[in-house]
Amino acid sequence: MSIPAASPALLVPSPEASETKRRLPLVAQYLRSQQDLTAVERFARRHSAEELPNHQHYKELIPLTRPRTGEQYAFQVDLDACTGCKACVSACHHLNGLDEAEAETWRSVGLLHGGTPAVPVQQTVTTACHHCLDPACMKGCPVNAYEKSAETGIVRHLDDQCIGCQYCTLTCPYEVPQYSKSRGIVRKCDMCGDRLANGEAPACVQACPNEAISIRIVDVARALEEAQVDAFLPGAPSPGITVPTTSYVTERVFPRNMLPADFYTVRQGHQHFPLVIMLVLTQLSVGAFVVDFALERLSSGAWVTESRPYHALVGLAMGLLALGASTLHLGRPHLAFRAVVGLRTSWLSREILAFGAFAGSAVLYTLLCWYTSVDRQIGLPGVDAAVRGKLVNALGWAVATSGLGGILCSVMLYAVTGRRWWSAGRTMVRFGLTALVLGLATTLVTSCVVAVALNRFEEFSWAGVKLCWALAAATVTKLLVDGSVMANLYDKQLTELKRTAMLVRGELKKVAALRVGVALVAGVLLPLVLAEQLRGTSAVGSVVTVVVLSASFLGLLLGEMIERALFFKASSAPKMPGAF
Amino acid sequence: MNRPVKTGPAELARQILHQSDGPLTRQLVRTPGGFGLGQVPERLAPDATTTAVCGFCSTGCGLEVHLKGGAAINLSPARDYPVNIGMACPKGWEALAPLRAKDRGTVPLLRNAHGELAPVSWPVALDTFTQRMKAIQKKHGPASVAFLSTGQIPTEEMALLGALTKFGMGMVHGDGNTRQCMATAVVAYKQAFGFDAPPYSYRDFEESDVLVFVGANPCIAHPILWERVCKNSHSPEIIVVDPRRTETAMAATQHLALAPKSDLALFYGIAKCLIERGYLDQEFIARSVSGFEAFAAHVADYDLAATSEATGLAPDVIERVVDTIGRGKRVSFWWTMGVNQSHEGVRLAQALINLALITGNIGRPGTGANSITGQCNAMGSRLFSNTTNLLGGHDFGNPDHRAKIANILQIDESLIQQEDGLDYDQIMERIMAGKIKALWVVATNPAHSWINQADAQDILSRLEFLVVQDMYTSTETATRAHLYLPAAGWGEKEGTFINSERRISLLKKVARAPGEALADFYIFKLIADAWGCGDMFRGWSSPEAAFEIMRELSRGQPCDITGITGYDMLDDRRGVQWPLKEGEDVEVKSERRLFEDGHFFHSDGRARLLFEAPRAVPEPTDEKYPFVLLSGRGSSSQWHTQTRTGKSAVLRKLYPSEPYVEVSPVDASKLELQPNEWVTVESRRGKYRARVHVTHVVRPGQVFVPMHYPTANLLTLAAFDPYSRQPSYKHCAVRLEKIDAFG
């Protein structure tokens, strides 16, 4: 917007003009006194530094006793008193000193609504951590940074122990742990445990003008019993996942169409770019080793044995790249080693262990393959060839099993979040086929390059045709499996998978189209055309084959990366009822 | 926690693998705060505290500011404050955040030859101000320069601004943004009671057995007043009259979802029924009320069937309300913008006053016809802004009043205008007509808030000289200014606010203003000096000195505050409600109501029943524009045009970032609108895109938009109440149009 200067006839006074200069002392005087803070000296002190708080006003909102065995503290929300002022959110923020720049909040207020034109109903809902009986945050944590107090049941996060993997933000169905980018850790509600220990009410309890929030002692067995029915709160995730202890009480009877105000909002998930790289490349690496391992046992070509060191090297390089990328996802990567402590409960710890074993055995395997190869050519001192053969074989098995085990851990990591889009079966097929597709593509291109270099292109052609066909079949299967979610568009309920399908068809449709297009060209068209050529005669030149296979490999890699991005972005996270 | 300290390599290894304490943990450690506070974050532990009144709404909550080295580092609601008793809404909790915003003005800005706002020194800004204003006045007459003030600055500053502009600078016209929220209540009270006197104290919320809320949603707009309702131990009947199923309607025992703007007919119908059923306080009417016979005759036409027809409410619903009010021992009537912002708001407010008067529900605990105010100091503006009233609730037209004020201020009586100046809408019209050429806007944002923005923008663009004095350089109005003056905000200066229950409370200087921003008080003093009338205001040496002058100005008025000895007394008593005559005192945390003696401020001591036949809405719906547009507060975390609440990251999280429109599922289905889909909301004056929130909270045929998004007033119709000149923001005709999702 362009606004003309005020009428040009009226000139701006010069700062040098004597009249203007005359004003300086008064301006300076006011500017000085503006900076004086006078409240403390000017007014009588009403409260002394020693004055203790008066707990009277909330004494009925917190328990008089500590929980006994089989009991714990829990939030109780009187829905009839919650009228949506949201004071609890800001009180929690200020009385707990949460991060201002990141607008950190540990409480939130959502809205349920429904009814009919004649009898409309709306209900605001305040929510925070539910201090669950079976906290998913705690179970998922690879470094045991969560503690559930045996005495109070409060689930506390150990900020200094956290490595910032953010896995708890995926496992908690209630969006409770909040990731702080500047700190590289998550933080969460601790029910103001030390306030309670001191006879003070938690910030939110103190601050609710309508006394809607209180702390009660709940019977653990009772909480478990109540979690058998999906009656926690309309629109909330099933209490069966974590057994939340908060109780929402009301004397009203909600209509059956009571839904969260954000129910129809279909939100994209977080991107988690380092995880995309890590997942795809670990699967590529494992796939390459496994396919090569199988090929050796199915094919008798000498070029297979001779190309093994190269296969191993490529697989290893990709694997190490993947593990490197995975640390980028950590807020505090230098503490990644702490993951060893979480093996008992965390699939992330197990994943790290499995891929660690995979990387270790792959390094040894690759070294041994190269040793053998060099030995065969120039003769090296050392281990007897027969023993060495057995060792290579054993290491090969170790690489394959630890790698597959690692992928299984990756699968479980997402499966245990309970998200339908990440279910064990669906994710297993997805990750497995990625390993197969990329393993085949890697093996194809590596074998071909080696065969050309060794002048054994003829030998390669025979296996190449089979591998091309396998690649095309695997790619088609993968596309079909991935695409099957679109059938959920016809769901009558707005299910998690329907939300995913809506995202894929809506906001993410360009990305999804690119993924399918790239896979069809790189994974189906190119391999089939090449197979046809290779089968016919040697009409196709070796250089062309290398180029085509490289293109196919790169295309498939890109395609799988996009697929994995969609795995995160199209995932519909469970959550508590939100506001419009 | 005192754990035994372990050392040794095993412990070190354990620490490395599992670290339960350290710098990150310590960031959130809480410690006993002292000063009666309970635990506070350790890094924000105060070394002193002081109480200041909140600067957002008229509830007037006491906030306990946590200080370190004299500066505010945190705050919590004051527990020993009689208004809020230890509670605050999110805006109060976040009161310090808007002070730290990046777009605070730090130096005066002047629009240069390239049309850009560029920094200038204060002396240059002051001389530019005076030279241009004087030049325009010289060319076009003193009345060619006007000001628009606010309900957001302390009373002392309002009084100084009003005196400076009208007595020192010769301006004739000036009004406040309070015209947009409270003018109706002012006129209604003046006509009915003889003075603008909201009669209640907040304790009445707790003492009623029947509470009637009309066009008010305190759960969202005044959460701390709702807190007081929750403290009512009499299991009260709560009647909510509102077309929408608001949060407050949900909490009510009776919700009357009447047809929009059928309220006047409803209350006349209820009055007739109350009279018929004998639910009257004959003794009170005989002693304290005039005009009953005429009123009874007027409402005789509003029988149950007609009222039911007009309002769309079933007869038994209306009868139940009549019986509830009639049988109630302590009935209170409360209204906010749903009444005030109406084309017939004054008569509507008076219809509620009438119900209170004929049933004797006034002057006793738990009763009253009670207007809940909007802005933190709208009540201060009503008494001391020198716009509609002469300072201290006096009358410009009354020679005795002019003499009294001239004497107190020691100014020439001829400097006081003898007629009222123009109201906000008339000032805007006069700018349009080219009669007003320069406008000084203080702490308000007409380029967002004034009704019918298309016209408002056009009007503002016609000014030769627009001066905006504000905390922020980014408001819709400040970005249009020729001269911008950076103002200190709440918390950066001293003064007093008057809340809805007439409580005068202190605000305190607990934060340093950024750069060269100055308290409005100082800016006014500098302008007085630059204008050449500094001597006239020598007595106004500080806000507290100005308060002394205000006390004198109030002497003998219904709002007499001569008994308030100074800021110390306000601080000690936790605010003092007016009136308090010289020599009187009140206890700490006292809560007082007016009219306990049944004596009103008209010369005959009686309250007047005022009434008039309802008028048709200015813009009824039709085939082309089939929906009624309702507007109002969106959430408790939003305030007006969001110049402050939009600066808090926490508050921003608590409301939708995009404009939205609430639509009934019935209408959504007819228009084939999906939840969350974008639609165009269009009136005859403008249109904008909004997301659809499909909800039964609004009834079929109506849509609701929150007022906080700058687009809302593209739609509204510039219709006004004829007595209060308050804009009717809450009714006009619109249509909705589907926008293709990916188009």
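## Chain B overall

Of the contacts in chain B between residues at least 6 apart in sequence, 72% link residues at least 24 apart (contact: C-beta atoms, placed from the backbone, within 7 Å). The model is predicted: local features need pLDDT of at least 70, side-chain atom pairs count only at pLDDT 80 or more, and totals for chains, interfaces and linings use all residues. Residues are numbered from 1 along each chain as its sequence is written, with chains lettered from A and ligands numbered from 1 in the order in which they are written.

Chain B contains 27 helices and 28 strands (DSSP runs, H or I of at least four residues and E of at least two, numbered from the N terminus). Its radius of gyration is 27 Å, close to the 27 Å given by the globule rule for 743 residues, so chain B is as compact as a globular protein of that length (taken over C-alpha atoms; the rule is 2.2 Å times the number of residues to the power 0.38).

## Helix α11(B)

Twelve of the 14 residues of α11(B) are buried, so the rest of the structure largely encloses this helix (buried: 20 or more other C-beta atoms within 10 Å of the residue's own, these atoms being placed from the backbone). Among them are D263(B), F267(B) and L274(B). The partners of the buried residues include β10 (210-214), β11 (237-241) and α17 (345-358) of chain B. After α11(B) comes G278(B), with a positive phi near 75°.

## Contact with chain A

In chain A, 80 residues are in contact with 101 residues of chain B.

Notes
Two residues are in contact if their C-beta atoms, placed from the backbone, lie within 7 Å.
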